[in-house]
Amino acid sequence: MSKRRIKLSLLSIILITCLVVFTFNFTNDTSTINSSNSDFTAINTQSINTETIKPIAENKSLTAPKALNTLQDTSKKTTEMVVMQRPKWKLSGSLITEFEKLKNAAENGDNKARYILAKNLSYCFNSPIDDTALDIKLTQALDYSDSALTISKVTEKYEYCAGIEQQQRTEFYNYSQAAANHGYVAAQEFIGTITPEFFMASQGYQNLEREDFITTRDNFLAQQIEFLQQAAQNGSIRALARLSGIGNSQKFGKNNDVKTAAFNQLILELTQNNEIYNRYAWFQEKLHLQLTPEEINNAFAMSEEWLAIIKTNGTLYLKDD
């Protein structure tokens, strides 16, 4: 009987020991798992907290050259400026029905009427003047692969412009120049789109003697740039884009690249369109590689000077309205 009790006692001790060991290991494993989960949660929390998502217009340091970049949000810079709308120049009916009304208003100093009339007369300049000219134009259109579409456009334009004499059509530049001289931005932008070739031909200067021809053309180009600069300083992104293009074609003379970089930078500062922003940021990156540090500083100084003028004038003409 004594031996049996001893055996039972030993068995109890073994069972208790095993239970203690199992409990200890289980507790330790649970603690390790909790600790690992805690560490994983902390890592994920840190990752989420440091992740930032910004719209394109705010990530200027990623796309524009740092030396030419103010790192300020475009929307904040333009909130104090009034976005201006250009007048719609295309009429619902034919031009002849509104011609006398527009002409009278233009001749009495209405710059909006001058602009609308100028745009319409320019649009009509190459339209057939009569039925005979229309037949010739339509015959020529048959040579195009998309002749049906071309014929439709020629006919539509002819009907829109019918009744406007060719001499009247040549007056488009006088009306636009008068409005531009009075600071009408839409007219200044329009003159900025006229090619020297079209100006010389439409105004009857193509047969001038060579020296007079060059002088007249150069005077037009100088006036065109002056109007574009005035429009740009009143917040015209179209004018800035045109000035940038003129700079790329080496028509500014000295410091072409510096001026172009300044105009590009102003577009980056003012545009509210991501596509336009990315396009000119790419132009700026490419140009940045060609400039010296001094030229970059000069371009930045010019853009800041013009931006102050633009903000003082307080108007903004978007490129894509």
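Reader: Phenylalanine 199 and phenylalanine 220: buried or exposed?
Author: Both are buried. Keep in mind that this is a predicted model.

Reader: How many aromatic pairs are there in the whole structure?
Author: A search finds 15. One of them joins phenylalanine 125 and phenylalanine 198, edge-to-face, at 5.4 Å centre to centre and 85° between the planes.

Reader: Where do those two sit in the chain?
Author: Phenylalanine 125 is in the loop between α5 (111–124) and α6 (131–141), and phenylalanine 198 is in helix α11 (residues 196–202).

Reader: Why does phenylalanine 125 count as buried?
Author: Because its relative accessibility is 12%, and buried means under 20%. Phenylalanine 198, at 22%, is partly exposed.

Reader: Back to phenylalanine 199 and phenylalanine 220. Why is the pair stacked?
Author: Their planes are at 10°, so the pair is stacked, with ring centres 4.2 Å apart.

Reader: Which residues form the aromatic cluster?
Author: Phe125, Phe172, Tyr173, Phe190, Phe198, Phe199, Tyr205 and Phe220.

Reader: New topic. What is the nearest side chain of opposite charge to arginine 169?
Author: Glutamate 165, 7.5 Å away. Arginine 169 is buried and has no salt bridge.

Reader: What does the side chain of arginine 169 reach?
Author: The backbone oxygen of serine 127, at 2.7 Å. Arginine 169 also contacts several other residues, including Phe125 and Pro128.

Reader: Which ring does lysine 157 lie over?
Author: Tyrosine 123, at 4.6 Å from the ring centre.

Methods: Residues numbered from 1 in each chain as written. Predicted model: local features only at pLDDT ≥ 70, side-chain atom pairs only at ≥ 80, totals over all residues. Heavy atoms only, no water. Buried < 20%, exposed > 50% of the residue type's maximum accessible area, 1.4 Å probe, protein only. Lys, Arg positive; Asp, Glu negative; His and termini not counted. Salt bridge = Lys/Arg side-chain N within 4 Å of Asp/Glu carboxyl O. Polar contact = N/O pair within 3.5 Å; in protein donor to acceptor, adjacent residues only side chain to side chain. Contact = heavy atoms within 4.5 Å. Phe/Tyr/Trp six-rings, centres within 6.5 Å; stacked < 30°, edge-to-face > 60°. Helix = DSSP H or I, 4+ residues; strand = E, 2+ residues; numbered from the N terminus. Lys NZ or Arg CZ within 6 Å of the ring centre and 35° of its normal. Lists of a residue's contacts leave out its neighbours within four places in sequence.
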